[in-house]
Amino acid sequence: MVLQSLKLPELIQEIRGAKTQAQEREVIQKECAHIRAAFREGDAPQRHRQLAKLLYVHMLGYPAHFGQMECLKLIASPRFTDKRVGYLGAMLLLDERQDAHLLITNSIKNDLSQGIQPVQGLALCTLSTMGSAEMCRDLASEVERLLLRPSPYIRKKAVLAAVHMIRKVPELSDIFLPPCTQLLHERHHGILLGTITLITELCEQSPAALTHFRQVVPQLVQILRTLVMSGYSAEHSVSGISDPFLQVQVLRLLRILGRNHEESSEAMNDMLAQVATNTDTSRNAGNAVLYETVLTIVDIRSASGLRVLAVNILGRFLLNSDKNIRYVALTSLLRLVQSDHSAVQRHRPTVVECLREPDASLSRRALELSLALVNSSNIRSMTQELQGFLISCPVDLRADCASGILLAAERFAPTKRWHIDTIMQVLTTAGAHVRDDAVANLTQLIGGAEELHAYSVRQLYSALAADISQQPLVQVAAWCIGEYGDLLLSGSCEETEPLQVQEEEVLTLLENVLQSHLSLPATRGFALTALMKLSTRFQGDNNRIRQIVSIYGSCLDIELQQRAVEYNALFRKYDHMRSAVLEKMPLVEHGESQDDEPREGKEEPWNPNKEVQSHPEPPASNLLDLLDLLDSANGDAPPSPALDLTPGDSLLHLLDFPSTAPTLAPIPGLKVFDREGLQMNLSFVRPPETPSLLLITATATNTSKSDVTHFVCQAAVPKSFQLQLQIPSGNTVPAQGGPPITQVLRVFNPSKAPLRMRLRLTYNHFGQSVQETFEVKDFPLETWQ
Amino acid sequence: MIKFFLMVNKQGQTRLSRYYEHVEINKRTILEADVIKTCLSRSKEQCSFIEYKDFKLIYRQYAALFIVVGINDTENEMAVYEFIHNFVEVLDMYFSRVSELDIMFNLDKVHIILDEMVLNGCIVETNKTRILAPLLILDKMAES
């Protein structure tokens, strides 16, 4: 049995009556089926009811696109009720993305030219809601005509339709610019409101319009004056203020016009002061106007007295009990704090009080503002307040608060000790939320403050003993205890009360950290290294430490395992070097790449040398190039250094420092040329940090009786090398052992192939020009291996 | 610019929704649910302006109905707060002691009133008599 289709109120009742989501959907689907059937049948009188139901359903979130064509039909119908529903449907269902929207253009055009006000109003309304660029272009002239018609009802709508049009099609602003000045003379507030919005839009879009409209500033001021001075007007007054909406709009436009423009700003100054002082602030409407005034004062080039007035108004807002006003005041003060810092400082106590607000938006604003207000004179009290806030603040603000405190401390810390204390406190309260480099910063800070080593290690020890769950704190504490463990035990420190700590207690604590499931792998690494360092710092027996270290030699975590094995080796085979390896670290430079694991200082230089020898050397023939300066006869493939390492020993190789010490063992020089008293010697240097680089210094000496002049040395090497010749010291070698010419050649030999070089010397000697070319083959092994 | 205007009741059912900037249908329901959840979780002492994604929400509670307006940052929040109250006063004048049921059953009229007051995201008319004038004419025509 087909149910009769429902009227809209009944439909609503039914939907309300549905107890579950599924039931509601059922009702709606049934109804939509009816609606679709009705649309198909084309029942004209009832169509608007069906569409009304469809719109209701659409509002609840169900798809309603099949109603689009119906909207069009309804709009085209002559009956007003149909048109009304049709336009409403058009506004809700159609938009630029649907293809059907262009079909409305014609209907709108007809309606606009009809002259029946409500119909025109509807059409304008729809146009300004969903008009696309093409529609706007087509209908621009119609709208312009309507701007100048006498009826205010239509004009105010036409103005706002114009706003929409220029948003969509900026070129149309030329059409709408001229009527604006005329429209400003209107008395009707609706038109004024619309016009001001239009002017605002025009000014925002083009700077040319902005300059054009600067001339209306006096007029705007006049409007404002009438509003403020006119007293009670029944039509427009909202809680005692005459038309606050218009006032706010005018103020905003004045702001845009006066920005960066002296003249306009001056014209507005008096008016702004008047508005600021005369507005009644007991109700929200007055406060809204005052807020807008303050924003305007701040943005334009106002007199300083006016700015102070603005800041004072904001300060008064802050003291107001209404939360909305406080929020607004905090937001504006945040904008002001850059430019009028000292003025805002005066309100610091109130701002700090706002930190304690239970409201999240307010406390967030207050936090930002407080952080901006911190300077060197109030750092201590502010930090105290902020730390108090940190303890009680909601979780999402913690990270910001913590990093803010740390930043402020870094910039304005009065003493190092205070700084360390502050950071420690932040880590204790909010350790999980600090940024990663806080740990590194703190260690660097402590490392740099020698006089505070004892103090800091003591504090950190007590903090650690109390709580091992805050990871950054644990990391820093572990590092500190490792480095300065001896200071911890010595028992005397004048800054805190003496703390009697036994070695065993410290070891137990570090062991707890190692074993705790709360510790991150990085933290464990810190703790293990700290234990190792303590083996040299503490006087007692190292058995316990050795035990722990050897247990971790089979840990599943690779990082820990590697460390444990290395430390084990330190104990077993290299005990004599242990103290040297585990010395106190030098100060780490700030800004270097901060890795969490401060390695013992001596391990770094080994990196370039280890595990290079595993590459087999390419056969020598590959090196000899197409440059046939060098003959490819020789087949002396250099032996690849045989390094068969057992897996267990591979790590030991890292510690095998004595044999491959990269100290600069002198490489024997080579004499390559000797003729008639002119000799050329090559000396070699291999800098340890760049193993594939060889620096050759070629020295030409003259023991003959005649000078050598115009001396030029050229060199060529096989293609696998790179050669750079630097500028020689000169090109003349005077006779009888005069000062030689030196020239540096840089040879880059990444593949460690045997070095060969061809040299060509050209010079004048004994009145003759000489050119000599020769090859040098037997370079010492150390130069290229 | 006003981005959207919503009237949602405490149970999360939308009584009126008007978007001045295009939002997909499925996103609308999510948005409305999210917005009402945020508003419900605030207590009376907290301020009426919430920052939500890239809008600001300004809400006012009238009995069991929340009126929420989403704006971007060019608008004066307090003016919009006042505007919400103005809108409710207009509804009050038209329906004489408006209630949620009035709004539900006369949704099209409420839309007309809203369209008289806000056009394309901008406030156009706030004078109650002028707003209601065309509506009263319409009603007279419908009766006759």
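Residues are numbered from 1 along each chain as its sequence is written, while chains are lettered from A, and ligands numbered from 1, in the order in which they are written. Because the model is predicted, local features need pLDDT of at least 70 and side-chain atom pairs count only at pLDDT 80 or more, though totals for chains, interfaces and linings use all residues; side-chain values use heavy atoms, with hydrogens and water left out.

Let's start where the chains meet. Chain B brings 49 residues to the contact and chain A brings 55, with contact meaning heavy atoms within 4.5 Å. The size of an interface is often given as the accessible area lost when the parts come together. Here, the buried area (accessible area, taken with a 1.4 Å probe, that two parts lose on being put together, summed over both) is about 4900 Å², and carbon and sulfur atoms give 57% of it. On the chain B side, Met78(B), Phe105(B) and Leu119(B) lose the most area to chain A, together 13% of what that side buries.

Three salt bridges are counted between chain B and chain A, a salt bridge being a side-chain nitrogen of Lys or Arg within 4 Å of a carboxyl oxygen of Asp or Glu. Arg365(A) pairs up with Glu51(B) in a salt bridge, and their closest N and O atoms are 2.4 Å apart. As for which part of chain B gives the largest share of the side touching chain A, that is H2(B), with seven residues. Helices (H or I, at least four residues) and strands (E, at least two) are DSSP runs, numbered from the N terminus.

Val328(A), in helix H18 (residues 323–336) of chain A, touches both chains: leaving aside neighbours within four places in sequence, its contacts are Tyr291(A), Phe49(B), Glu77(B) and Met78(B). Val328(A) has a relative accessible area of 0%, so it is buried. Buried means under 20% relative accessible area, exposed over 50%, and partly exposed in between (1.4 Å probe, protein chains only).

Helix H11 (residues 189–205) of chain A is mostly covered, with 15 of its 17 residues buried.

Over all chains, the structure holds 23 salt bridges. One of them joins Glu559(A) to Arg563(A), with closest N and O atoms 3.0 Å apart. Both residues lie in helix H31 (residues 558–572) of chain A, four residues apart, about one turn of the helix. Glu559(A) is partly exposed at 31% relative accessible area, whereas Arg563(A) counts as buried at 10%.
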